[in-house]
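Please look through the sequence and the structure shown here. The explanation below is meant to be read with both in view.

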Amino acid sequence: MPLRLPPRREPRALALVRSQAGFSYAVADPWELRSAGSILCRDLTLGPAVARVIRREKPTLVVTHDRELKGPAERAAKRLGITATDAGLPNLPLVIATDLFPELRMRAPTPSLSKAGVLAIAAVLYAESPSRNYAPRRHRPSEHST
Amino acid sequence: MRLVATVPLNTPPELLALAEDVLVAAARARFVSLGSLMAYGGPDGLTLEIVDAWCRAGLLHRGRVQPDPLRAEEVEYVALTTAGARALHAATGRIVHGTTAARLKRSSQKRMHDVLVGEVALAALALAKEGRIELVGVETDDRRLAHAVHIAEPGAEPERIVLQPDALVVTKGPMGHEALLVEVDRSTTAPKRMQLRYKGYLAWQKERGPLNDFGIRALRVLTLVPNDARLERLHAAALEANGGQRSGFLIFGLLDDVTVCTAERLLELVARPLGGEPGQRVRLISPVLRSEAA
């Protein structure tokens, strides 16, 4: 029987970690570490920069442990209707994260990126997030049509 | 009834380590010419019979590509299938991605390009196997490396330039992490279009792109070309894009210098930096220090 809708790569977790001159982020899904990078910004532009990254990376779950990033992340997540959490994720050892996601060493070579990558992987493994709904299609025949 | 290989990887247990090494290398390089694969695994005991057995079991896809459409010469290549990736994971626990059917059905020219990219990756893997370099990772899926840069200059419309390098090779040298973004050129793209691409790379570098996107400061863009004439043409185009200024960020090399058989040339002075003297050459990858290797 053909699938009506293709399977989605969820959860897609975005982890944010504060660094010296801004913050680092990493995006992971159950298959791979999708991306990792650093954003340079001042305190004044931290909120918009976080919102911009969330909008760009399109996660289904945002996770951070930093107090300064928590507020902007929660506000942006609420606006986009996704989950933001900092709830007790277990500390995933780097060795295990690298074993599960071998690309972590290459995509996140600095300590800050690596920390964000491990947090994103921990969120994929342990956090609970509601799945994203498909956008309604105008011409999809209704299942409950009379 | 469909026959299924019951032995993991269709390989005797004593050859399992070889199978893991070779198939993981094939997965990371994605498309590998048969000759290069034999050069990579031959010293460890890889034979054509083993490759044939893997192809029959569906672990590897074997195909042919035509490097030059005007010549009858063909190159035989292999690629790890998705079934092969699953079998490898089941037998060894290594997570790798196979080449999808859609990629295998692409045109001969595109597959030939992928074979050349695989050649670069396999050369780096061969050097790492010998312990000559400390390889952190190789990525040959251009879709995972793609990014874009916006250029806004006064008096001109803002431009969005898509940068889609063919491969990324990350190593750890004596001074820290180093990376090479590889662009394989087969003389099929106009120098003007390549110039726009170089303009994008230079703008990306000015915006601290290497550090922001890959977390590596010592990143260079290597363009590999088939011959010296093309190298000169692209060098001139890149120099014009950079306003005549020299830069060590863009380097140029020949495809023949980066093969599995000539892998040690990666450690020699073979690449021409942008704006350097005609005879000036730089090293592509820093070797592991002897004390570290010991």
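The model is a predicted one.

Chain A holds an open sheet of five strands. Read across the sheet, the strand order is β3-β2-β1-β4-β5, and the pairing is mixed. The edges are formed by β3 (33–40) and β5 (83–85) of chain A. Each of these has a single partner strand, so one side of each is left without a neighbour in the sheet. From one strand to the next, the twist averages 20 degrees.

Helix α5 of chain A, residues 111–126, lies across β1, β2, β3 and β4 of chain A. Relative to β1(A), helix α5(A) runs at about 150 degrees.

The next topic is the contact between the two chains. Chain A brings 12 residues to it and chain B brings 11 residues. On the chain A side, β3 and α4 (104–107) are the elements that give two or more residues. The largest share of that side comes from β3(A), with four residues. β3(A) is also one of the two edge strands of the sheet. By residue type, the side of chain A that touches chain B divides into seven nonpolar, three polar and two charged residues.

Chain B is divided into domain 1, covering 1–105, and domain 2, covering 132–294. The C-alpha centres of these two domains of chain B lie 29 Å apart. Six residues from domain 1 of chain B and five residues from domain 2 of chain B make up the contact between them. On the domain 1 side, α1 (16–29) and α2 (34–41) of chain B each supply at least two residues. Of the elements there, α2(B) gives the most, with three residues. The residues on this side of domain 1 of chain B are three nonpolar, one polar and two charged.

Technical notes:
Residues numbered from 1 in each chain as written. Chains lettered and ligands numbered in written order. Predicted model: local features only at pLDDT ≥ 70, side-chain atom pairs only at ≥ 80, totals over all residues. Domains from an automatic or database assignment. Contact = placed C-beta atoms within 7 Å. Nonpolar A, V, L, I, M, F, W, Y, C, P; charged D, E, K, R; others polar. Pairing = 2+ DSSP bridges. Axes fitted to C-alpha atoms, helices over the stretch in contact; angles between N-to-C directions.
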